[in-house]
Amino acid sequence: MTPLSFEWQWNIDYGIFMGFLYLALGVVACGLLVALVKTLMHMHGEDKGEAEPAPIPSRSKYSEY
Amino acid sequence: MDAALIPDGLKRTSPGKFFLWTLPWLGLLAWGGISAVLCLLLGLNQTNMSNIFAFALWIVFDLVVIALGAGAFFTGFLTYIIGKKELKDIINATVVIGFICYSGAVAMLGIDIGQPVRGWFIFWHANVHSMLTEVSFCITAYLAVLGIEYLPILLENRKLREVREFRIFGHNLHHIMAVFAATGVFLSFFHQGSLGGMFGVMYARPFAARWDFYIWPTTFFLFVFSAIAAGPCFTILCTKLTEAISRKKLVPDGTIQLLAKISGWLLAGYLVLKIIDTLGWVHGVVPGAGLTFMDFFREGPYGAWLLGLEIIICGIIPVIILITPQARQNHGLLILACLLNCTGIVLNRFNFIVVNLAIPVMPFARFWSYLPTWQEWGIALAVVGYGMLLFSASHRYLPLFPREKELNAAVSR
Amino acid sequence: MKQEEGKHKYGMVIDLDKCIGCGTCMVACASENNVSVRTDESDKERSIAWMQLFKITNGKPFPQTEVSYFPRPCMHCHNNTPCVSVCPASATHMDYHTGIVSQIYTRCIGCRYCQAACPYHARYFNWYDGYAFIQPFPKGLERQLSPEISVRMRGVVEKCSFCHHRLMRARTRAYAEGRRELEEHEYITACAEACPTQAITFGDLNNPKHKVARLSKSVYAFRLLEKLGTEPKVYYLSTRNWVRRMADNYRPDQLEPVGAVKT
């Protein structure tokens, strides 16, 4: 799984397979991080008096994406 | 009692009735629990698997629930990436179904392997040339993605929404859902394919062996195709079942019809490929191994009829119903088509697993039979029980169907 | 998968015309390799026999009836070994220097994909606790177990290793004596050693001086399920046409006459 494991070979097969895996995991992790950071920033922003986003009903929210 | 948890403005049955409804499913879970303890403590001799039937009921169940759970990734793909807006009315339900199917399959696999404690070896000591490695990596990663997709739905719960952090976090997750959906599509595509590839690469088993297309055997593509053809039908079935039990309309007909139409055309495309592949296999791989098609069925209860049942009864008939607008608008025919479609995928996976292993390859090897033990059934059915419980609870406490309020107001008017 | 040709390619030739079906090879193998035996071994779908003996007949009525036996060790397939390429945890491996397909018991997770992929049923799963955890441990069993072979735990797959420990032993001795090459007689498997009719010959298929190299090129030599392209390193010899036909599947239009030159 990592270059530290015994089976690891520095060849193209391992590069492609693990490359895609870590890419997918990286995208997921970054997505989560972005959501978390945005939430924290929002909480912080509210302390300074910024308004909370208007709660949107679940129905209309789905049309946003 | 739990009124504070039920989504605003939606009607749900009384807690007592709901509790009674959960009892059979809790029973299945208990049965599965006992079976799991027995299998983990005493070993896999609790099953009827053998050196001949190395894969059996559990693997069939695994492959089937994963294929049926494909509704989640494919509907996500259509909603977020293609932009089919109608499907947003059902996307939440598909995510929950997908999460149930994948988590159930992973739990079953944990018991299915002989040394569960060493499960992590697949990841750490991965052999990147094995299809099963690809399956394990992608299923685990996709289960995580499904968990993330499920999270904002969970945070929609009335009580959880009262916590401001949760509300904002759920909102932000919703905003970047397309990213998760795209990653999910990538992961899911590859493991649905590798599950098929697992059998196509058994080149020494002529019943499963197929040619390679680049580095993947043809079953790689057929399994992806069949999963996305059957997944939406399973979603329709689950929705219709929920509607029947809760006696409410939950999803607009347009959405169901769209899903049915997409499913029908996909199934038609799949069948064309499957028939070409089967003919090619009968005239290529099989004679190459010194066999004729009928040689596979010299002994035992399995026969060519299984293939006919899979392709004609559970393939061509649902295609005709699903692609004909008049037929699929008929409620009974729609349900029948969905049921046949899902049965077809069960048969397909069964043929590739149990029938494949039952057919001896050496001319002097004998035929062995296999019937699952109650422990095997227990663990397989526990996934059904778990799914029923999680889906019922999700429906009760979360706004799973965004247009439920609107649709039922219209009905009462 | 990368496939470089190694220096040695150990293999076996089994003369079916000499085999009398006594089963000594099975016993020798099981005892040499600490193969677990249970009190009740009647469930043949789950018993472990690295060397398995199949009985075949020509199917003709009494006066013409003929019987032969097929001793079947692991074939140690040389071409894209079916079981090796599928193992997700790299628990099985083919060594290109010797051609031996090995199994790492402590690495195996017991997914059994290799069993499903092997057409010879040469791989066995430990459905029960083996000698390692047998309770109560039979008195004196430890004196019967070979210290060179690890006993297997429940839930892992095991298979014939061409008595790999004997290779290690022979190598160690040769090394101590300052040699780099093994003599033909220095490394043979337990089944080859035990066979009372000397039906089993073992050696290096790549070494023209070895008997197996010569025998494997005989016009009567054939392999099990050759058409699948697994390239087994176990060859069989038989002058009887019906025995040869039993080793592979033939379409009605295919006939394999005795004496046909193998390519």
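Guide: A definition comes first: a nonpolar patch is made of residues with over 30% relative accessible area and no salt bridge, and its nonpolar side chains (Val, Leu, Ile, Met, Phe, Trp, Tyr) are joined within 5 Å. The model is a predicted one.

In this model, a nonpolar surface patch of about 770 Å² is built from B:I275, B:L279, B:W305, B:L309, B:I312, B:I313, B:I316, B:I317 and B:I320. Two helices of chain B, α11 (253–283) and α13 (304–323), each give at least two residues to the patch. The largest share is that of α13(B), with 7 residues.

Another helix of chain B is α1, which covers residues 15–42. Helix α1(B) has 28 residues, and from its first C-alpha to its last it reaches 39 Å, close to the 40 Å expected at 1.5 Å a residue. There is a kink of about 35° in α1(B) at B:L23, shortly before the proline B:P24. The buried residues of this helix are B:F18, B:T22, B:W25, B:L28, B:G32, B:S35, B:A36 and B:C39. They pack against three helices of chain B, namely α2 (57–68), α4 (91–112) and α16 (374–397). After α1(B) comes B:G43, which has a positive phi, near 105°.

Next come the charged pairs. Over all chains, the structure holds 26 salt bridges. One of them joins B:R403 to B:D89, with the closest N and O atoms 3.3 Å apart. B:R403 is in the loop between α16 and α17 (404–412) of chain B, while B:D89 is in the loop between α3 (70–82) and α4 of chain B, so the pair ties together parts that are 314 residues apart in sequence. Both B:R403 and B:D89 are buried.

In chain C, a salt bridge forms between the side chains of C:D17 and C:R240, at 3.2 Å from N to O. This pair also links distant parts of its chain, 223 residues apart: C:D17 lies in the loop between β1 (10–15) and α1 (24–32) of chain C, and C:R240 in the loop between β10 (234–237) and α7 (241–246) of chain C. C:D17 has 35% relative accessibility and therefore counts as partly exposed.

A further salt bridge in chain C is made by C:E193 and C:R166, whose closest N and O atoms are 2.7 Å apart. C:E193 is in helix α5 (residues 190–194) of chain C and C:R166 in helix α4 (residues 164–176) of chain C, and the two are 27 residues apart. The relative accessibility of C:R166 is 12%, so C:R166 counts as buried. Back in chain B, salt bridges with shared partners join B:R12, B:K248 and B:E404 into one network.

The last stop is C:Y96, in the loop between β4 (92–94) and β5 (101–103) of chain C. Its relative accessibility is 16%, and because buried means under 20%, C:Y96 counts as buried. Along the chain C:Y96 and C:K7 are 89 residues apart, but their C-alpha atoms are separated by 7.9 Å.

Conventions. Residues are numbered from 1 along each chain as its sequence is written. Chains are lettered from A and ligands numbered from 1 in the order in which they are written. This is a predicted model: local features need pLDDT of at least 70, side-chain atom pairs count only at pLDDT 80 or more; totals for chains, interfaces and linings use all residues. Side-chain values use heavy atoms; hydrogens and water are left out. Patches are made of residues with over 30% relative accessible area and no salt bridge: like charges are joined within 9 Å, nonpolar side chains (Val, Leu, Ile, Met, Phe, Trp, Tyr) within 5 Å. Accessible areas come from the Shrake-Rupley method with a 1.4 Å probe; for residues, only the protein chains shown count as cover. A salt bridge is a side-chain nitrogen of Lys or Arg within 4 Å of a carboxyl oxygen of Asp or Glu. Helices (H or I, at least four residues) and strands (E, at least two) are DSSP runs, numbered from the N terminus. The expected span of a helix is 1.5 Å times one less than its number of residues. The bend at a residue is the angle between axes fitted to the seven residues ending there and the seven starting there. Buried means under 20% relative accessible area, exposed over 50%, partly exposed in between (1.4 Å probe, protein chains only). Contact means heavy atoms within 4.5 Å.
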